[in-house]
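Let's walk through this structure together, from the overall fold down to single side chains. Keep the 3D view open as you read.

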Amino acid sequence: MAAASIPASPQPFKLILGSSSVARKHILTEMGLEFEVMTADIDEKSIRRENPDELVTVLAEAKADAIMSRLNIADYQKEGDRPTLLITSDIVVVHEGIIREKPTTKEEARQFLKGYSGSHVSTVGSVVVTNLTTGKRLGSLDKAEVYFHDIPDEVIENLIDEGVVFRVAGGLLLEHPLTLPFVEAVVGSSDSVMGISKDLAGKLIQQALSA
């Protein structure tokens, strides 16, 4: 069932977005969802997996667990209340078989972006929806590929100076005005690349509500 099938108003459930990501907030808003934001504040670097599918899955689950540990779950299980869902996610970029998370230095960001120039990258995203009222948790993966034309060095340096590349997985900016002209093609959904797949999120929300 697609995301468009979720009733926008009145929303028959409460939703918590476990992320401070501007892109994820924008995507859920585009879906017509009302939500509050809580952040997990976990040390993502302490959780390591070689397999990107496993890494994003355990990170999205760890974010959910961290947020739930700060909540009184009994408050969400009261008779007659609307169910409350918690949605968490994680995404990594894979380039030439290597997992790339958020760059931490200018040199690393430069290396990432120059590698994408005239090449392509894959994204692996995990979405986890936990029904705080029933305890049911569902999760799945979404993948996409982005193909780039040659990206001029001047554009790369401007992106680094602007600083936004340090806040996204792999420094990968899809709809930024500086990079958009150099995107040759996207295989999969652009919202998945930007942080969360609308279709996958919608499907998991519907399944979590039917628990």
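How many helices and strands are there in the chain? The chain has six helices and seven strands; helices (H or I, at least four residues) and strands (E, at least two) are DSSP runs, numbered from the N terminus. Before going further, please note that this is a predicted model, in which local features need pLDDT of at least 70, side-chain atom pairs count only at pLDDT 80 or more, and totals for chains, interfaces and linings use all residues. Residues are numbered from 1 along each chain as its sequence is written, and side-chain values use heavy atoms, with hydrogens and water left out.

The C-alpha trace spans about 60 × 35 × 30 Å along its principal axes. For 211 residues, a compact globule would have a radius of gyration near 17 Å, and the 18 Å of this chain agrees with that; the radius is taken over C-alpha atoms, and the globule rule is 2.2 Å times the number of residues to the power 0.38. Of the contacts in the chain with a separation of 6 or more, 71% are between residues 24 or more positions apart, where contact means heavy atoms within 4.5 Å.

What share of the residues is buried? Buried residues make up 45% of the 211; here buried means under 20% relative accessible area, exposed over 50%, and partly exposed in between (1.4 Å probe, protein chains only). The accessible surface of the chain comes to about 10100 Å², and carbon and sulfur atoms account for 49% of this area. These areas come from the Shrake-Rupley method with a 1.4 Å probe, and for residues only the protein chains shown count as cover.

Now for the inside. In soluble globular proteins, nonpolar side chains tend to be buried together. The largest nonpolar core here has 24 residues, and those with the most contacts inside it are Leu 113, Tyr 116, Val 121, Val 146, Phe 148 and Leu 172. Such a core is a set of buried Ala, Val, Leu, Ile, Met, Phe, Trp, Tyr and Cys residues joined through side-chain atoms within 4.5 Å. Strand E3 (84–95), H3, E6 and helix H4 (153–162) are the elements that give two or more residues to this core. Apart from it lies another core, of 18 residues, including Leu 28, Leu 85, Leu 138 and Ala 208.

Leaving aside residues up to four places away in sequence, Tyr 116 touches Val 93, His 95, Arg 100, Val 121, Phe 148, Gly 170 and Leu 172. With a relative accessibility of 1%, Tyr 116 counts as buried, and so does Phe 148 at 4%.

How many aromatic pairs are there? The count comes to one aromatic pair. The ring centres of Tyr 116 and Phe 148 are 6.2 Å apart and their planes meet at 15°, so the pair is stacked. For this count, rings of Phe, Tyr and Trp (its six-membered ring) pair if their centres lie within 6.5 Å; planes under 30 degrees apart count as stacked, over 60 as edge-to-face and the rest as tilted. Because Tyr 116 lies in helix H3 and Phe 148 in strand E6, the pair ties together parts that are 32 residues apart in sequence.

Charged side chains make links of their own. A search of the whole structure finds seven salt bridges, each a side-chain nitrogen of Lys or Arg within 4 Å of a carboxyl oxygen of Asp or Glu. One of them joins Glu 30 and Lys 198, with the closest N and O atoms 2.8 Å apart. Glu 30 lies in helix H1 (residues 22–30) and Lys 198 in helix H6 (residues 198–209), so this bridge ties together parts that are 168 residues apart in sequence. Glu 30 is partly exposed at 47% relative accessibility, and Lys 198 is partly exposed at 22%.

Another bridge pairs Asp 65 with Arg 137, with the closest N and O atoms 2.9 Å apart. Here helix H2 holds Asp 65 and strand E6 (residues 137–148) holds Arg 137, so the linked parts are 72 residues apart in sequence.
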